[in-house]
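User: I'm new to this one and would like a close look at a single part of it. Could you pick a spot where the helices meet and walk me through it?

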Amino acid sequence: MTGWRKRQIADAIHERELQEKPFRRWLSEKWMQHCDEIYDWTGKTPDYPLREYFNRYRWFLKALYRKEEHHE
């Protein structure tokens, strides 16, 4: 593989990572808010990880992100 092709692939990967970061940052904020709410209600932190929270509320979170960040 040529140096130019490697650079092209690296640029494509970097571009995709940049596109994903705003959502991931937003999701981390929502996760922390969720953890705070659970703690306020129960006095305990959630006994499940962010991945499970995202899988459980995936469609709601995606719709909320679009509404809050893109006003669609």
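Analyst: Before we start, one term: two residues are in contact when they have heavy atoms within 4.5 Å of each other. Also keep in mind that this is a predicted model.

Let's begin with Lys-30, which is found in helix 1. Setting aside its neighbours within four places in sequence, Lys-30 is in contact with Tyr-53, Leu-64 and Glu-68. Is Lys-30 buried or exposed? Its relative accessible area is 15%, and the cut-off for buried is under 20%, so Lys-30 counts as buried.

Glu-68 is partly exposed, at a relative accessible area of 34%. If you skip residues up to four places away in sequence, Glu-68 touches Trp-26 and Lys-30. Side chain to side chain, Glu-68 makes a polar contact of 3.4 Å with Lys-30. Another polar contact, of 2.9 Å, joins the side chains of Glu-68 and Trp-26. Along the sequence, Glu-68 and Trp-26 are 42 residues apart, yet their C-alpha atoms are 9.9 Å apart in space.

Trp-26 takes us on to the nonpolar side of things. Together with Phe-23, Phe-54 and Tyr-65, Trp-26 forms one aromatic cluster. Those residues also belong to the largest nonpolar core, which has 11 residues, including Leu-27, Cys-35, Ile-38 and Leu-61. Tyr-53, which we met as a partner of Lys-30, is in that core too. Where does the core come from? Helix 1 (3-42) and helix 2 (50-70) each supply at least two of its residues, and helix 1 gives the most, with six. As a general point, nonpolar side chains tend to be buried together in soluble globular proteins.

Let's finish with two other members of the core, Trp-31 and Tyr-48. A search of the whole structure turns up seven aromatic pairs. In the pair made by Trp-31 and Tyr-48, the ring centres are 6.1 Å apart and the planes sit at 65°, so the pair is edge-to-face. This pair links distant parts of the chain, since Trp-31 is in helix 1 and Tyr-48 is in the loop between helix 1 and helix 2, 17 residues apart. Trp-31 counts as buried at 13% relative accessibility, and Tyr-48 counts as buried at 13% as well.

Conventions:
Residues numbered from 1 in each chain as written. Predicted model: local features only at pLDDT ≥ 70, side-chain atom pairs only at ≥ 80, totals over all residues. Heavy atoms only, no water. Core = buried A, V, L, I, M, F, W, Y, C linked by side-chain atoms within 4.5 Å. Buried < 20%, exposed > 50% of the residue type's maximum accessible area, 1.4 Å probe, protein only. Helix = DSSP H or I, 4+ residues; strand = E, 2+ residues; numbered from the N terminus. Phe/Tyr/Trp six-rings, centres within 6.5 Å; stacked < 30°, edge-to-face > 60°. Polar contact = N/O pair within 3.5 Å; in protein donor to acceptor, adjacent residues only side chain to side chain.
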